[in-house]
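Here are my notes on this model, as numbered points. Please read them with the structure open.

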Amino acid sequence: IVYLPLGIDTLFYKPPSNNKLRLSEKVILHVGRNRRDFHTLKEVFLLIQKKFPKVKLELVGGDIARSLFSNIKNVTFHSFISDDDLLQIYQRATILLLPLKEGGSSQTLNEAMSTGLPIITNDLPNLQDYFPDNNSVLLSSTGDVQTMASQSIELLDNPELWHKVSNNIRQHSKSFDFQ
């Protein structure tokens, strides 16, 4: 068996020209719908909102969860967007929050890493091939709302840590570059 990881176009999916702007407005991004744990996402976001009332949550491809978030402030859904629009959403986000029900390789992870977006997701065996060994991706057990919320708050509240994780994850993404 030959193992070939998903690749990423690191020339297209790149950090914004001014990475510091990503911290000026706290935006949590969630991308995808398959194997996603929207109930955990909601609970984590509500805990983050207690610390940062103006924090925003943007969901790309998560229309199936629209009713779950109907009474929560600062939640935006994006449907049927172009690659250029997706890139802009990644570039203005502060963190990717990706609670999963089960594993599976995800192009979302590569896109986020390539744009230098810190990732908080679940510790699942088949995802570990994509992550560096330097703790640049924050992992927790499936359904662990408290840990995911505290990891998110720590990144949102600590610009120095955020920049370190962002730089490390961008460098790591180059190992999956198509070239």
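Predicted model: local features only at pLDDT ≥ 70, side-chain atom pairs only at ≥ 80, totals over all residues.

1. Residue numbers start from 1 along the chain.

2. Main core. The largest nonpolar core has 28 residues. Ile-28, Ile-48, Leu-57, Leu-59, Phe-69, Val-75 and Leu-97 have the most contacts inside it. Which elements give two or more residues to this core? They are helix 1 (38-51), strand 2 (56-60), strand 3 (75-78), strand 4 (95-98), helix 4 and helix 5. Helix 4 gives the most, with six residues.

3. Val-75 within that core. Leaving out residues up to four places away in sequence, Val-75 touches Phe-45, Leu-57, Leu-59 and Phe-69. Of these partners, Leu-57, Leu-59 and Phe-69 are also on the list of residues with the most contacts inside the core.

4. Second core. A separate core of 26 residues is also present. Among its members are Ile-8, Leu-29, Tyr-90 and Val-137. Tyr-90 comes back in point 7.

5. Ser-152. This residue lies in helix 4. Is Ser-152 buried or exposed? It counts as buried, because its relative accessibility is 0% and the cut-off is under 20%. Residues up to four places away in sequence aside, Ser-152 touches Val-44, Ile-48, Ile-95, Leu-97 and Ile-120. Ile-48 and Leu-97 are among the residues with the most contacts inside the largest core.

6. Helix 4 against helix 5. Two packed helices are described by the angle between their axes and the distance between the axes. Here helix 4 covers residues 145-157 and helix 5 covers residues 159-173. Their axes come within 5 Å and cross at roughly 100°. Helix 4 is therefore roughly perpendicular to helix 5, as the range for that label is 65 to 115 degrees. On the helix 4 side, Glu-154, Leu-155 and Asp-157 make the contact. By class, the contact has five nonpolar, no polar and two charged residues.

7. Tyr-13 with Tyr-90. A search of the whole structure gives three aromatic pairs. Tyr-13 and Tyr-90 form an edge-to-face pair, 6.1 Å centre to centre with 85° between the planes. What does this pair tie together? Tyr-13 sits in the segment before strand 1 (27-31) and Tyr-90 in helix 2 (residues 83-92), so the pair links parts that are 77 residues apart in sequence. Tyr-13 and Tyr-90 are both buried. With Phe-12, they form one aromatic cluster.

8. Phe-69 with Phe-77. The ring centres of Phe-69 and Phe-77 are 6.3 Å apart. Their planes are at 70°, so this pair is edge-to-face; the label needs an angle over 60 degrees. Phe-69 is buried, at 2% relative accessible area. Phe-77 counts as buried too, at 15% relative accessibility. Phe-69 also touches Val-75, as in point 3.

9. Asp-83. This residue lies in helix 2. Asp-83 is exposed, because its relative accessible area is 52% and the cut-off is over 50%. Which residues does Asp-83 contact, leaving aside its neighbours within four places in sequence? They are Phe-12 and Tyr-13. Asp-83 and Tyr-13 are 70 residues apart along the chain, and their C-alpha atoms are separated by 9.5 Å.

Note on methods:
Heavy atoms only, no water. Axes fitted to C-alpha atoms, helices over the stretch in contact; angles between N-to-C directions. Helix = DSSP H or I, 4+ residues; strand = E, 2+ residues; numbered from the N terminus. Parallel < 35°, antiparallel > 145°, perpendicular 65-115°, else oblique. Contact = heavy atoms within 4.5 Å. Nonpolar A, V, L, I, M, F, W, Y, C, P; charged D, E, K, R; others polar. Core = buried A, V, L, I, M, F, W, Y, C linked by side-chain atoms within 4.5 Å. Buried < 20%, exposed > 50% of the residue type's maximum accessible area, 1.4 Å probe, protein only. Phe/Tyr/Trp six-rings, centres within 6.5 Å; stacked < 30°, edge-to-face > 60°.
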